[in-house]
2 protein chains.
Amino acid sequence: MKEQRTLSLVEPDGKGFLPGLAIDTVIFGFHEYQLKILLLEYKNTGLFALPGGFIKDEENLNDAAKRVLFERTGLTDVYLEQFYVFGDQSRHDPAPMQAIMQKNGIKITSNHWLLQRFVSVGYYALIDFTKAFPTPDLMSDSCAWHDLNHLPNLMQDHQDIVKKALETLQMNLDRKLIGFNLMPETFTMAELQRLYETILGEKLRRSSFQRKLLSLGILERIAKKKTGAAHKAPYLYRFIPEKERK
Amino acid sequence: MKEQRTLSLVEPDGKGFLPGLAIDTVIFGFHEYQLKILLLEYKNTGLFALPGGFIKDEENLNDAAKRVLFERTGLTDVYLEQFYVFGDQSRHDPAPMQAIMQKNGIKITSNHWLLQRFVSVGYYALIDFTKAFPTPDLMSDSCAWHDLNHLPNLMQDHQDIVKKALETLQMNLDRKLIGFNLMPETFTMAELQRLYETILGEKLRRSSFQRKLLSLGILERIAKKKTGAAHKAPYLYRFIPEKERK
């Protein structure tokens, strides 16, 4: 299926899309203890931005976010959730969009829909970045993973959006852990701890981490494999399926 | 200061407001172990609805929500937070709004701004309901507290909005407890437990509640008052101010 690339299809009056409302997605990619985010670079402008889009007249808001995620990564059925609406008046700054439109040969009229004030619904996703196929939109010339600790300058308030998304991810980690679907069927406590440490960006104490995670009531310890050195092998755990919990 | 009552000021083309975007506020009221929500009843229609409003062209989204809360309760500086954006296409149902407009003598044109599809940002607040001054807007003839367990039929998807707000309130109770500002300076564990039980809608076991709350690291036990029957008096607690924690 050919992806839909919305930005270049926008008419000057925004026909076909909900007015004044956008979506920005913070797509976190995790793999082997690295945490990255997906960014677009706009053609010949030096501007980096979060993948985003608009909502079609007959489209559900959450479906529009799924569409954006699919268009940029080729992925469906991944964890994707609203986390905040960015609606300050001060975020209205038409200059970067004017630059992008100009570099893409789009005629700039003073009341062009893309240059109006937008309220943006922020979504975040967490995926295994080795499974995604980053794909630029028609206005951008790259779509690539960037290390969260070495981000380029982002346009408008996208830096704030990333910050808030990361805080939300960190705050909800216990509650969303299973839904993120980032661990194999069985895993050691040390492996789980490294996932936490990567997302939280800090080292954790082994004993208190283990105590806390066990208290969540979502982990089941699996019998050790019978090997000659069984006493040295770490315990394996699995997530208890929801219907078996409590 | 005279409150602003926006709905009746809306022109057919919605001039002065952001297009297609609304706010709905679920204002929870707590007092002496009762949990209520604030509802409007629209004149001669039998329709009940959450207090809501629109965002002015030059207004921040969060400020618009504060304004709505102030207009309906007279309160400022209370806990108020976004919790979800309701953006399904199916929620577009102009019939109830047509009925409200008709009963209020507003001319209905087929493309009237109020009859278009709206995406609504849901906010929730939690206040002491004895401190509020419920005030109807110009379109409604009552603004009153309703027991959460005995709500009238709500218009459009407002029942879903209440449900999602309650789930959010319950899920975030530990984390937001201090911010809600519903306890006196000092309180007993039993008093705190009754707040939890009221909001969660279920009885809790005393020992496990106490253990869990103490593990949050936000409570400090105060020395018992020296009285003749000191050994029978329950311990008093206070919230540890953030700067003194850990």
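Copies are superposed by least squares on the C-alpha atoms of residues with pLDDT of at least 70 in both. On that basis, chain B can be laid on chain A with an RMSD of 0.0 Å by a turn of 180° and a shift of 0.0 Å along the axis, and the two copies are thus related as by a two-fold rotation axis. Among the residues of chain B, B:P19 comes closest to this axis, its C-alpha lying at 3.1 Å.

The model is predicted, so local features need pLDDT of at least 70 and side-chain atom pairs count only at pLDDT 80 or more, while totals for chains, interfaces and linings use all residues. Residues are numbered from 1 along each chain as its sequence is written, and chains are lettered from A and ligands numbered from 1 in the order in which they are written.

Where two residues count as in contact if their C-beta atoms, placed from the backbone, lie within 7 Å, the contact takes 17 residues from chain B and 17 residues from chain A. With helices (H or I, at least four residues) and strands (E, at least two) taken as DSSP runs numbered from the N terminus, β1 (17-31), α1 (61-73), β5 (80-86) and β6 (119-128) of chain B each supply at least two residues of the side that touches chain A, and β1(B) gives the most, with 4 residues. Because 100% of the interface residues of chain B are also interface residues in chain A, the copies meet through the same surface.

A:G201 is found in the loop between α5 (189-200) and α6 (206-215) of chain A.
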